[in-house]
Each structure stands twice: as structure tokens, then as C-alpha cells.
Amino acid sequence: MPSKSIKFLTSPPAILAVGFLCLITLGSCLLNMPASTIEPITFLEAAFTATSAVTVTGLGIVDTANFTRLGQVIIAFLIQLGGLGFMTFAVFAFMSLQQRLNIVSQKIAREAFADTSFGDISTTARSVIVIALSVEFIGFIGLSIAFSQEMPLSEALYAGFFYTVSAFNNAGFALTSDNLMPYVGNKPINIIITSLIMIGGLGFIVLKDIIEKRSWRKVSVNTKVVVGTTIIINLVAFVLFWLLEHNNPDTLGKLSFGDQLTAAWFQAITPRTAGFNTLPIEKLTDASTLLTMFLMFIGGGSLSTASGIKIGTFVILILTTWAFLRQRDHVIIYKRRIPDRLVRKSLALVSITMMLILLSVFILSIVEAEHPLEDVLFEVVSALSTVGLTRGLTTQLSHTGEIVIMFMMFAGRVGPLTLAYLIAMPKSSRVHYPETNVLVG
């Protein structure tokens, strides 16, 4: 019988976490090279940047403009590897070598692909690569043309490459310190980048299902939930942002009506979970800031480049609450019953996420006591949801604060539930106990 430590080290969550750690370590070493930066940076700064890139977050304590072209290309590749997932590339490599996955490898890949059945793993991996590269190629062409109106062709091609990778993988890294604020009224750039964000945030299972079925009636319930909820959330957020900010002179108030709509749409999409901004985040009203945190907390679809608790989890929680209020025995959606296992998983995911947020805010409120609690909370939610939006706190963090935010970015990418499995590996039991009642509410 293998020991518990061996089981722990060979469990899918452990191998996935170690894989991301190895990628972060490699990226830290590469970004710390003298050739990667204009002004020298410390290893901790390189590690923070690498963590942010691999976890597709976008928070930074070093301006991306301080990295040379080599350094920026390294960041782009770290984003690509972290966004698509190192296991996708591992499975793809196995297929290229025409080697069959053994049981352990299948378990690891299944964990990476959100419980996809063993028989669909190879197909899913191939689809991830094909869909990602196809969408990114189209985005690259579109952004290069759009940027060519603003800069020389060679720079436009480079900007198109970098922003395509950053947007599709929901990373939010920008080439300049003011992010995308100079393009607040540029409709082609805004439309292309928000489209890349939404497509990357839907999830590869959803995209694959849409491409194969090509009919709303034929697609899976999961696809209907993710696409339908995404459309509703985006439209509601768009309207709310315009209503809350159109009279704010520091954000939408200074723009024309057309540019206001463009900026409000961008601000509605970017928290899901890209991290670009065309408006100064620290100038948003309190209501808009709260709305942004809520959108960051939800995130995108499962098996996507986005993080957060995920749309499916959010919908299951809403439906579970509704079922309880209506005194129904089961959670129903589209005339299908959601298994109790998924309900428990959703509740556990949200509980762990909330505990991580509270713990991190508590620690940062001690070590970063000079900063407003609102900024601390915003930063933590942004890091755990791997969004990358900031109210300016990131660059002012102490070393302890930087480490806390790095951990939150890592936890958000690996997944709070997967992280919990690492801490307390689940163990089935055949023992059944009698029921009891505990007062609730």
C-alpha cells in the first residue's frame, strides 16, 4: 500500500500545483536576467511578475514598459502557457508522440479539464489548441490593423501580438503604465479586445460545443447556462456602469455619449476576468467599485482562461437558494436535475474562496495598515479572481504584502477547491452516522 505522502504527491491537484510552481520559477529566472529588463529588478519583483503572468492576472509591481522586448515576449509566453494550462500542452505533446495516457496521466488531465470524461481528454486538448490559436490569429490581425492607425506598422504588429495573447487569456497585461486608457474612445480596439476577453472567458468546452452543434437547441445545458448568464451579466453590468458613472467627471463624465457607451461596455467586460482598464479604477464611484468586485468574484466559465468562482457555480448557488425558498427537493435547470454533488462542490468552492479573501484581507490590514480597507479588499478580490485591476495599491505593497498577493494569484489560478484538496485530501468512508439537527438562520 502506498503511503499517504506518496498518494499526496501523485494526486492530480498536487501535480497541477507543482506544474504551475515550476513554470513560475522558470519565468522568474528568465525575467530576472539582465537582458529582460531596462532597469534591474530584484528576484522578488521578477517572481511577482512571473506569478502574475502564469496565473493570467495582470497585477504588477514593475511597469511592463521596464521590460525589454525579450522580457515582454517572455511574459507573453508565460501568459499563454498559464492561460491554456500546462496540462493542455502536456496532453498535446503526448498525442504528438502517439503515446497513450496512462491512468495517472488521465487523472491529472481530467483534473485540469474540469472532470471531462477520460474518453474526451485527447479531443478536448486538441480542441483547446486549435480554438485558441484560431481565435488569437483573428484577434492579432484585427488588433494589428487597429493599432496601425495609431503607430508604425512594426510596432502595431507587436502590440497586436502582445494584446491578443493578454486579452484572450484574460491576463490584462499592457505595454504601457496607463494600460488602455489612451484608447478609451477607440471603438475597433475596444470591440476586438472585449470580444477576445469574452471568447476566452466562455470556456473551451462551451466553444467546442457551439462549434460542433451550431444550434441553441442542440448545445448542452452547461453551454446554455454559461452563454445565457454571460450575456445577461454583461448587459446588466454595462447599463449599471453607465448609470453610475455618466455624471462622474473623473470617468465617463468627460467623454462624449458614444465614448461613454464604449467605455461603459469595456468596464463591464474587463472584470470577467481580464484586468484591462480604459478608465482610472481608483476614480470610480463606490457603487461602481462594489459592482466591479462582484463581477470579479463571479469570473468566467469553467475550463476557460478566466477565474473567479465561475459562472456555473454562481448559477447553481442562485438555483439552490430558489429551490429552498420554493421548498423543492431538487435543484432544476432546463428540466434537468443538478446532482447534489455539484451543489456541495459549489458551496464548498464559495466557502473556501470567501475564507481565503477574509484571511488575506485580515493579514493585509495588519501589514498594510496605512492603506484604506476598500483598496485592500479590492486588491485581494482582484488577485484571487486573477483579474489584475487595481486601485493603485499593488506598487505600494510591502514585501509581506507582495507575498500574500502572490499566494492569492496562485490560489486563484490553481483553484480554491483544488488548493483545499492539497491541504486536506478527500477520503471516502463507509461509515454512516445517524442524522441530527443544527439550528440554521
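Lys213 and Asp209 both sit in helix α10 (residues 204-213), four residues apart, or about one turn of the helix. Their side chains form a salt bridge in which the closest N and O atoms are 3.0 Å apart. Lys213 is partly exposed, with a relative accessible area of 33%, whereas Asp209 is buried at 9%. This report describes a predicted model, and every value in it is computed from that model.

**Overall make-up**

The protein has 441 residues, of which 53% count as buried. Its secondary structure comes to 18 helices and two strands. Among contacts with a separation of 6 or more, 70% are between residues 24 or more positions apart. The protein exposes about 21300 Å², and carbon and sulfur atoms supply 66% of that area.

**Salt bridges**

The count of salt bridges comes to five.

| Pair | N to O distance | Placement |
|---|---|---|
| Lys213 and Asp209 | 3.0 Å | both in helix α10 (residues 204-213) |
| Asp259 and Lys187 | 3.3 Å | helix α12 (residues 257-269) and helix α9 (residues 187-202) |
| Glu374 and Arg391 | 3.8 Å | helix α16 (residues 373-384) and the loop between α16 and α17 (399-414) |

Asp259 and Lys187 form a salt bridge. The pair links distant parts of the chain, as the two residues are 72 residues apart. Lys187 is partly exposed, with a relative accessible area of 36%.

Glu374 meets Arg391 through their side chains. Glu374 is partly exposed at 30%, while Arg391 counts as buried at 15% relative accessibility, because the cut-off for buried is under 20%. Salt bridges that share partners join Glu374, Asp375 and Arg391 into one network.

**Nonpolar core and surface patch**

The largest nonpolar core holds 115 residues. Within that core, Phe147, Tyr163, Ile193 and Phe276 touch the most other members. Leaving out residues up to four places away in sequence, Ile193 touches Leu143, Ala167, Leu180, Phe266 and Phe276.

On the surface, a nonpolar patch is formed by Ile232, Val236, Val239, Leu240, Leu243 and Leu244. Together these residues have about 490 Å² of accessible area. One of them, Val239, is placed in helix α11 (residues 221-245). Val239 counts as partly exposed, with 44% relative accessibility.

Ser36 is found in the loop between α2 (12-31) and α3 (43-54). Ser36 is buried, with a relative accessible area of 0%. A polar atom of its side chain lies 2.7 Å from the backbone oxygen of Leu30. Apart from neighbours within four places in sequence, Ser36 is in contact with Leu30, Leu31, Phe67, Thr68, Leu70, Gly71 and Ile74.

Gln72 lies in helix α4 (residues 69-84). With a relative accessible area of 7%, Gln72 is buried. The C-alpha atom of Gln72 is separated by 8.9 Å from that of Thr37, although the two are 35 residues apart along the chain. Beyond residues up to four places away in sequence, Gln72 touches Thr64, Ala65, Phe67, Tyr158, Phe162 and Leu175.

Thr55 has its place in the loop between α3 and α4. At 0% relative accessibility, Thr55 counts as buried. The side chain of Thr55 reaches the backbone oxygen of Ser52 at 3.4 Å. A polar contact of 2.8 Å also joins the side chains of Thr55 and Thr57. When residues up to four places away in sequence are not counted, Thr55 touches Thr386, Met409, Phe410 and Arg413.

Definitions and conventions
Residues numbered from 1 in each chain as written. Predicted model: local features only at pLDDT ≥ 70, side-chain atom pairs only at ≥ 80, totals over all residues. Heavy atoms only, no water. Core = buried A, V, L, I, M, F, W, Y, C linked by side-chain atoms within 4.5 Å. Buried < 20%, exposed > 50% of the residue type's maximum accessible area, 1.4 Å probe, protein only. Contact = heavy atoms within 4.5 Å. Polar contact = N/O pair within 3.5 Å; in protein donor to acceptor, adjacent residues only side chain to side chain. Patch = residues over 30% accessible without salt bridge, like charges linked within 9 Å, V, L, I, M, F, W, Y side chains within 5 Å. Areas by Shrake-Rupley, 256 points an atom, 1.4 Å probe, with all protein chains shown as cover. Salt bridge = Lys/Arg side-chain N within 4 Å of Asp/Glu carboxyl O.
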